[in-house]
Structure formats: structure tokens, C-alpha cells
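This report takes up selected local features of one protein model, beginning with a residue in a loop and moving on to helices and cavities. Please keep the sequence and the structure in view while reading.

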Amino acid sequence: MSEWWDDAVVYQVYLRSFADATADGVGDLPGLRSRLDYLAGLGVDALWLNPCYASPQRDHGYDISDYFAIDPAYGTVDDLADVVNDAHARGMRVVMDMVANHCSDRHEWFQAAVAGRPGSPERARFLFRDGRGPGGVLPPNNWQSVFGGPAWTRVMAADGSAGQWYLHSFDPGQPDFDWRNPEVVDYFERVLKFWFDLGIDGFRVDVAHGLIKDAALPDWPGADEGKGDHNYAMWDQPEVHGIYRGWRSIGEGYAPERKYFVGEIWVPSVERLTRYLVDDELHQAFSFDLLVQPWNAERFRGAIERTLAQSAQTGTPAAWTLNNHDVHRSVTRYGQRQDLVDPSPSDMIAAARRIGEVSLQLGTLRARTAVLLLLALPGTVYLYQGEELGLPEVFDLPDDARQDPIWLRSNGAELGRDGCRVPLPWSHDAPSFGFSPPGTALAPWLPQPSSFGKLAVDMQLDDPNSMLALYQRAIAMRGALFQASVGLRWHETGQHELLAFSRGDGTCVVNFGDRPLSLPQGWDLELMQASGADSDQAQVPANSAAWFAGVPADHGAKPGETIEADRRLLETATVYRSQSVREQ
Ligand code: NOJ
């Protein structure tokens, strides 16, 4: 059965930085509502909203204090209902973020747990444990948080003495739930139903592989090496799958509406990823494999093949993405030196958050190319706000403006993620580039660089060569050339920097190299779209992609062969390779 998400283009809205209608320097739901025509004009099929629930914003909404309320800075539940209704009226679905691994330390349950006694039902909703060593002064185990530093924080006992420790995989302001407690399971069923009843079409599941920990909470042998991302006692435990079976059945209860779940899942192999995508669990998982690859034809092709192998195995469409609110923007990444090291689990994200010299000109050229490649692939494409404008990562934010817990917990050793979250420029000559309404006294919550002016929406709308125009054209043309659900056939071009594949009625050719490359002899295709100037029927310029109508006659696998090849690949494919991963 085909589903609305099978070949959807989903636009990620980082609400805080999208559009401010209430003149406080922070984006909000009325701001988003006022810009829905822009998104409809871009041609996207759905929106994914980063968390906008009530939150003290320690991790900008990924620390939720009330799952049944919208944060006042963003609006109200009624404002969200308005956004959903107006988006639906324009043919766009709305997906929210579901953060179920942890809540905020301000959540009423956690406050009750801190006030409660060790062993109390209030504490049993979280992972409280006694410390080790004399007086319990040492954390219960050696786990490290993803944001750096110990994954345990100690609370005070009622009499003011030091008490138990609680687990937080991320910031201390984000205590982890104990998902083996049925109360937690019931609670989230109510949360899902509340938002589904309001009209939400699905959820992006935050750290979907993290909700259950090894019950013994064992020490992690690799702790000295750094952070907790690849401590597999913390992640990817077998019982986690039961949670998604439960969620899926709640979603199915809304039939004939198709409620949808896409997982943020970091696991060490394609095989382990597929376990989340069986019939009765999540519908999709992001393909981060592609996102972390350097600009290299072989690397891109490998990641695409591994993802398609997983897709063929599970019968679920791939969910491609090159940008999100956690990584440096692609314009910047592709303008940096490209290292061909294999990213290991602990530096997967780091691979997409490197600092160093950037050529924005080259990065922009390649980012244009990358999005044409992405939009030609079979499956769902996730875009992150601002990439359609070609915004770069902002590296030079003042220290005192930075808010990411990664920056704060590493004492500035790591820049963190603020640089990809800078508020959008809408008008080149307005204060705050039109992010806030005229006359707003407060500055945007993160300062915008002056270079954002020339990238503002109003500068790009009428320029056929702009990044925005390229996105609009490609999204509009995609379905006609590369029909939904049709598999991909690679062509051997004889030049290792030139990737080419056909799908449906179209052929996509990508030149990863630094000099123009000719199409193979005998290809008689019609050029429809190109990421760079100077593409023609015969050659693709350096660092460029082109879409052609037509399929080369005698090249590539026959239909059906690709699927078989995909299945064979799966046997050997790993999402990433590392000696340090302890496979279970
Ligand atoms: C993944 C989210 O994408 C990230 O932004 C957040 O900080 C962590 N999960 C913790 O919720």
C-alpha cells in the first residue's frame, strides 16, 4: 500500500528560529502560520516541528516539562491546532517530535521524584540508584553523557545530605525515564493520543534506540575513551521494540488516517537498524549514513547502497537527509577539507561538526549538487530550514550568545549546534532580516551575521539562479522524472568521480570531481535541470549534478537486478565500521 510519506519532501521547522510573530526575538507558532504559504510555494509535503512543548529550554525543547502543553514562548495548543489546520488546508502534513527517553528536571514527575524517598513509586519512574564508594560519593557506574561529563547527577536528600544519583543520557536537566515501569508506558500512550486527536500526522522519535538501558547498568569498558554515544549498554536494548509496537498500534487505531513514526536511530549495523522497521514498529529511520559521508563519489554511492539495502530488506522507504539541527550545515561541510576516514560511532556526529577553513563558494556549489542527488533518490527527503537558502554554519557567534548544552558542558571546547540554529533571514533590508515584526525591540535569540542579508528569502525568490529557486524547481520536477517507489539503477560511467543512476523516466548524473566530465558515448538524454551553470547534453561541470529526461539504452542493471544486489549488499553492509563497537 502506498503511504503519504513514501516519497514526501518533509521540511524541518526549528520553530525557535523560523519566524517570530510575537516580537520577542524567538520564533513561534503564529510566525510559522504566517509563513505557511512560503512552505507551500516551496512545494514540500509535510512539516516536522522540533519540540515545542512546555520546556525550560535547557536543550531547546528536548527537555519537556509538560507533554500536554505548548511552551508559552511558542504559543498555545490552539495556535498549534491553527497551524495544523492551515497546513492541512494547503496539503501539508504535520509531524511533531516525541522526546520519550527523558523529560525536563522541571517535569512534575521528576520534581516529585526528587522530593520522594529512595525506593518510592515517584523515583521508580526514573533511574535513581545509590552511589558507589564510601558514602555513595561515586556515580553508580562510569557512564558518560552524550553531551560530555558523567551521565549521573546526585540529588539532595530531604535532610539536606547528599542522596541518590539519577541517570541522564544527555544534560542533567534531562533525566531519563525508566521505561520498564508501566506507568511510563501508559503516560506516553496518553501523550500520543492527545496530539494525534489534535490532528498531528505523526512523530519523529528522538533517540529512538535509547529508551531502555541494560537492566544491570553495567560499567562501560570504553569509558576512558570519551562520551557515551557508543556504550551499547545504554542503547539499542531488545525491550525497546515493545515500546514501538505499542505506539504503532495506537497510530493504527486512527485508520483510515495513516499516523506515522520516523526514528532517530544510531546503531552500529544495518541489521540492527532493520529491527526497528519491521511491520509493527516504526515506518522509517533517518539515513544518517549519507549525512556523515565526505564529498566523495565512492562514499556517497556506498551510503546510498547500504540505505537502499536496508530499505529493500524492510520494505520501508528510505528517509534521506543532509541537514538537521544537530549538525553543521552542508554548505559549510562540503566547503571544508574532505577527510576519508571511516567515522566511528562516537564521532559520527563529530564528522558532521568539524571546524576548519571553509570555501563557501565551493561548499555552496556542492550543496546545490547534493540536493539534486537527494531529490532524485527513491524515498522520503528531509530538508532542514534554511538549507533552501544556502545558509552556512555560523561559526563566529559570540561566546556569551551560545546556548547549546554541548558548548556549556564542554566549557567551550566544542562549539555545539547553535551555528545551524541562527534565525532565518526573510527580508534583506529589514531589522533582524524580517525574522521579527517591524518595531521589535528585542534582538533575535541568536545574532544573525550580516552575510545573511544577501541570502534572505526576498533576495532569492525572483532570482532563477538562487538556491531557493533550485529547490523549488527540483521539488516541483522530482515526481515527474523520478516516479515514486520506482527502484534505482546505477550506470557504470567509466569515470570514478561521475555517479549516474536512472529511476523511472529520469537519469541523475553527479560529478564529484574538480573538472568537467563527459557523459558516456551514446547517451542521448535531454537536460532538464542542473545544479551549476554550463551543464549541457554532453558534460557535467565540476562539483555539479544534472537531471536528464530519458534513460541510457544499454547501461545499468536490468529491473529486478538492483533489488537482488541490494539484498546481497545487506549481508555485508554496516552503517559504519569500528573496532570499538561491542556487538550484541
Ligand atoms: C537528539 C536531538 O536531535 C538533539 O537535538 C537533542 O539534543 C538530543 N536528541 C536529546 O534529546
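## A loop with two buried residues

Aspartate 59 lies in the loop between strands E3 and E4, where helices (H or I, at least four residues) and strands (E, at least two) are DSSP runs numbered from the N terminus. With a relative accessibility of 5%, aspartate 59 counts as buried, a class that means under 20% relative accessible area, against over 50% for exposed and in between for partly exposed (1.4 Å probe, protein chains only). When residues up to four places away in sequence are not counted, aspartate 59 touches Phe147, Gln174, Pro405 and Arg417, contact being heavy atoms within 4.5 Å.

Histidine 60 is placed in the loop between E3 (53-54) and E4 (66-70). Although histidine 60 is not a glycine, its phi is positive, at about 40 degrees, and its relative accessible area of 3% makes it buried.

## Basis of the model

The model is predicted, with local features needing pLDDT of at least 70 and side-chain atom pairs counting only at pLDDT 80 or more, whereas totals for chains, interfaces and linings use all residues. Residues are numbered from 1 along each chain as its sequence is written, and side-chain values use heavy atoms, with hydrogens and water left out.

## Helix H4

In helix H4 (residues 108-115), the buried residues are Trp109, Phe110 and Ala113. Seen down the helix axis, these buried residues fall within an arc of 95 degrees, so they line one face of H4; the arc is that of the directions from the helix axis to the C-beta atoms. The exposed residues Glu108 and Ala115 are carried on the face turned away from the buried side. The cover over the buried residues of H4 includes strand E6 (128-129), strand E8 (162-167) and helix H5 (182-198).

Lysine 193, found in H5, is partly exposed at 39% relative accessible area, and it touches Ile250 and Tyr254, residues up to four places away in sequence not being counted.

Aspartate 236, in the loop between E9 and H6, has a positive phi near 55 degrees while being a residue other than glycine, and it counts as buried at 2% relative accessibility.

## Cavities

The count comes to 4 cavities of 30 Å³ or more, a cavity being a set of points, on a 1 Å grid over the protein atoms alone, where a 1.4 Å probe fits but cannot get out. The second largest cavity has a volume of about 60 Å³, volume being the space filled by probe spheres set on the grid points, which are joined across faces, edges and corners.

Lining residues, defined by an atom within 4 Å of a point, number 13 for the second largest cavity, and Gln12, Trp48, Phe286, Phe288 and Asn324 lie nearest its centre. This lining divides into 5 nonpolar, 5 polar and 3 charged residues, where Ala, Val, Leu, Ile, Met, Phe, Trp, Tyr, Cys and Pro count as nonpolar, Asp, Glu, Lys and Arg as charged, and the others, Gly among them, as polar.

Key: On a 1 Å grid over the protein atoms alone, a cavity is a set of points where a 1.4 Å probe fits but cannot get out, and a pocket is an open set with protein on both sides within 12 Å along at least five of seven lines; lining residues have an atom within 4 Å of a point.
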